[in-house]
Amino acid sequence: MMMAGANIVRLNMSHETEKWHAITVQSIREAGNKMYEFTSEVYPLGVAMNLRGPEIRTGSFHSDETSIGYAKLKEGNMAKLVTDDMTKRAGNAKCFWISYRDLPRVCRPGDRILIDRGAALLQVACIHEKAVTCKVIKGGIVRDDKLVQLLDSVISLPQISEKDTKHLKLASILECDFLIMNHTRNEKMIYGIKSRLKHIGSRICVMAKISTQQGIENFDEILNSADGILLDRKSVEVDVGSEKLFLVEKVVIAKCIKMGKPIVLGFQVCNNETPDIDMNLIANAVLNGVDAIFLKTGSLNMKESTQLLKDVDRVCREAESARWQKEIFDELSHKVPIPLDPLHAIIVGAVETSLKSSAAAIIVTTTTGRSAALLSMYRPRCPILAVTRYGVVARWLQLYCGIHPLHYRDEPGVRFFAFQGNVNKKIAFNEFGQISGETYRKEGGKWSIQNENVNLAKGDVIHYYVYAQVNEGVHNRGEETFTVEVAQNLLFHDNFDFFDKSVWKHEVKIPVSPDYEFCVFQNDQHTFLADVTDGLLKIVPEILEDRYGENITTFGTLMLSECSSEIAAECTRKATSFNILPPIMSARLVTKETFNFRYGKIDIRAKFPEGDWLYPEMMLKPKYNYYGPNYASGCIILGLARGNENLIKTTDGCIYDSRRLECGFRINTSGNVTNYLVSETKENGPRWTKGFHIYTTIWDSNGFQFLVDGKEIGRLNPPTDSWLHRNNFNTMAPFDQEFYIILGVGVGGIRVFPDATTSSEHVKPWKNVGAKAMLRFWHARDQWLPSWRRENKKKLAFEIDYIRVWSL
């Protein structure tokens with residue numbers, strides 16, 4: 001198959017066992033090694049694992065001895081689709097199992113159900129508690145474990161299944177090159193896959209398989225998040241119709257080329273187990289600019305598959321020679337924004353030169369594959385020869401149009417490697433540099449030196465020399481330079497497809513200084529306070545007495561298991577006199593043990609809670625109290641809108657309710673806590689608590705910039721003597737250290753709600769300096785509690801859709 005023209009082999013996790021797939025990958029790698037032995041050339045055959053994805057499938061057909069493994073559905077007959085797991089392996093033509101438990105709930109009489117991409121078509125006739133009776137509109141043979149599509153029903157499936165998560169780990173162990181996410185519906189599915197890969201320490205190219213109408217509707221966001229696109233023509237045709245399929249193809253291909261991301265078109269090769277493919281469709285796909293052709297060979301044997309590959313390879317070569325590359329290049333190059341970055345400018349110049357000189361090839365050496373991929377984006381007339389030392393890069397580049405990856409393996413005999421370098425300072429030969437090291441063996445396929453004690457910034461120039469011992473000779477190329485370029489990399493993201501306990505830890509305590517909130521933050525056993533549902537993290541406060549009985553606030557005792565504080569008063573409290581228990585339970589989630597960063601861009605898409613005296617805790621706090629405790633080391637407020645519907649300061653009429661958004665930070669200087677804030681007040685229109693918004697904070701060595709939905713709210717820049725007003729500190733101090741993320745819901749306290757305010761004509765019931773503040777808040781519950789109970793408490797939730805953090 002490799003000799004016939006195969007570049008990538010797909011493993012379909014919907015079929016066969018994990019052991020079978022592991023043996024297959026081993027066979028692929030062995031075949032590549034044998035080719036290297038015979039030809040001295042490395043053939044970079046890529047391996048793509050196609051995840052099962054959130055899908056609906058049939059069970060097994062084993063109850064009819066005359067048709068084991070399949071059922072023949074006849075047009076006009078009735079068939080019952082059941083969801084009871086007892087019938088999973090006992091299917092026949094009259095009754096068989098479907099993997100979707102909610103099938104009776106989502107179906108309506110007249111809805112159409114397609115099986116195995118058109119092998120059979122059913123129409124719902126009658127709905128039962130755990131089954132649906134259908135009439136066969138189009139008959140055909142249906143085999144075990146085939147795909148089921150509900151054409152007219154609105155379904156809800158998980159973003160990523162538990163089996164997919166298991167297969168991700170297998171892909172990492174097998175060192176697969178690509179992951180294909182089946183039935184991708186939105187960007188969350190892609191970010192969910194990438195998040196899991198990051199947690200297991202694996203870097204695999206993630207491709208989105210577009211096979212549904214929902215995937216087409218959300219294509220732009222999917223394209224932004226995925227590394228490549230696979231368009232399943234057969235499945236898309238079912239949703240959009242054959243008359244619109246060509247249009248979908250053209251739009252998808254054009255958008256992918258413009259973004260510089262590979263686009264693969266999937267073709268169904270077999271029809272009723274016989275080869276049936278229109279080569280004209282493949283030729284047109286190549287003419288439209290597709291990067292690769294995906295052939296679903298089905299039940300073809302090796303001889304038939306090899307012949308098919310040869311035929312398709314020949315057609316693709318003919319179609320490529322008929323493309324008008326000059327027109328493609330002119331159109332793409334004119335759409336690139338000016339000015340270009342240096343690499344992009346070199347790429348455009350190289351392609352233009354190759355066209356004008358009728359070059360036979362463009363040769364590029366690459367470490368990451370980026371320069372070769374950019375060359376492919378402009379579709380040069382000649383082939384691109386990408387030379388790389390890294391097998392994974394060579395296999396990844398198999399996906400791109402016009403690239404012929406050459407995997408160059410190091411010559412034997414290299415015994416020693418050394419590096420000496422200075423930052424922004426020339427270095428002489430045999431001089432020891434600021435960055436110094438030597439090694440006698442490779443690690444991860446690289447001769448590498450690491451030095452974590454040197455801080456580098458964008459624009460720094462490293463002056464260095466290297467030398468290597470090969471056999472008995474020593475080689476040195478003299479002084480060279482390298483300029484540091486800092487790219488914006490995604491450091492952290494969570495799409496909340498599930499509650500990731502390895503990332504988010506509960507802060508468990510009864511808060512005292514410095515904010516004295518009127519709530520207790522409970523542990524992860526209290527899932528009713530914080531959990532993930534429908535792809536959203538929801539944090540919902542709860543009245544303590546609603547959960548543990550009347551008067552516990554006044555007479556009870558609170559002893560927190562898993563308390564995260566070292567202060568005794570924050571772990572245990574007995575209600576005495578006016579010192580009652582916190583009347584509200586809430587949750588506070590932190591990444592202190594798992595993720596911290598200094599300087600970057602953070603995006604949070606969230607909806608704030610509604611209810612009097614509630615507020616969202618969406619903050620960054622320092623990992624270490626380097627400048628001191630209690631805000632002496634700072635606290636960054638990423639966004640805050642109070643939950644009150646009408647909160648006005650009586651002295652000046654200033655608005656403090658859900659119409660006002662605040663961002664900024666708090667610091668404690670000389671014992672006084674100071675708020676530095678930017679704000680925006682909506683006197684008309686929807687309040688900040690009424691919908692989702694994207695809250696963005698850009699934090700760098702020059703200060704802070706705060707944006708909402710892409711619109712700037714304001715900036716905060718440090719004075720020359722720093723925020724701490726001390727000349728011997730960095731001007732950004734205390735915000736020059738690592739901070740972690742906090743998410744939670746706060747209640748009352750002495751910091752957020754100003755005194756001398758009225759809420760819906762009720763005077764704020766406590767004073768921020770009062771010893772009985774929490775007691776007065778609780779005694780006034782008849783005033784604020786009705787605002788919490790509206791719409792069955794649905795408005796109380798602080799809902800977070802996703803969080804993303806980038807380096808700058």
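Student: Which side chain meets that of Arg588 in a salt bridge?

Tutor: This is a predicted model, in which local features need pLDDT of at least 70, side-chain atom pairs count only at pLDDT 80 or more, and totals for chains, interfaces and linings use all residues. Residues are numbered from 1 along each chain as its sequence is written, and side-chain values use heavy atoms, with hydrogens and water left out. A salt bridge here is a side-chain nitrogen of Lys or Arg within 4 Å of a carboxyl oxygen of Asp or Glu. At 2.5 Å, N to O, the partner of Arg588 is Glu507.

Student: How many residues apart in sequence are the parts that Arg588 and Glu507 tie together?

Tutor: Helices (H or I, at least four residues) and strands (E, at least two) are DSSP runs, numbered from the N terminus. Arg588 lies in strand β36 (residues 588–590), while Glu507 is in the loop between β28 (505–506) and β29 (519–521), so the parts tied together are apart in sequence by 81 residues.

Student: Are Arg588 and Glu507 buried or exposed?

Tutor: The classes rest on relative accessible area: buried is under 20%, exposed over 50%, and partly exposed in between (1.4 Å probe, protein chains only). By that rule, both Arg588 and Glu507 are buried.

Student: Where do Lys188 and Asp801 lie?

Tutor: Lys188 forms a salt bridge with Asp801, their closest N and O atoms being 2.3 Å apart. The pair ties together parts 613 residues apart in sequence, because Lys188 lies in helix α4 (residues 187–199) and Asp801 in strand β49 (residues 798–806).

Student: What is the relative accessibility of Lys356?

Tutor: Lys356 and Glu352 meet in a salt bridge of 3.4 Å, N to O. They are four residues apart in helix α12 (residues 342–357), which means a separation of about one helical turn. Glu352 is partly exposed, with a relative accessible area of 32%. Lys356 counts as exposed, and its relative accessibility is 67%.

Student: Which residue caps the N-terminal end of α10?

Tutor: A side-chain oxygen of the capping residue lies 3.2 Å from the backbone nitrogen of Lys303. The residue that caps α10 is Asn301.

Terms used: Polar contact = N/O pair within 3.5 Å; in protein donor to acceptor, adjacent residues only side chain to side chain.
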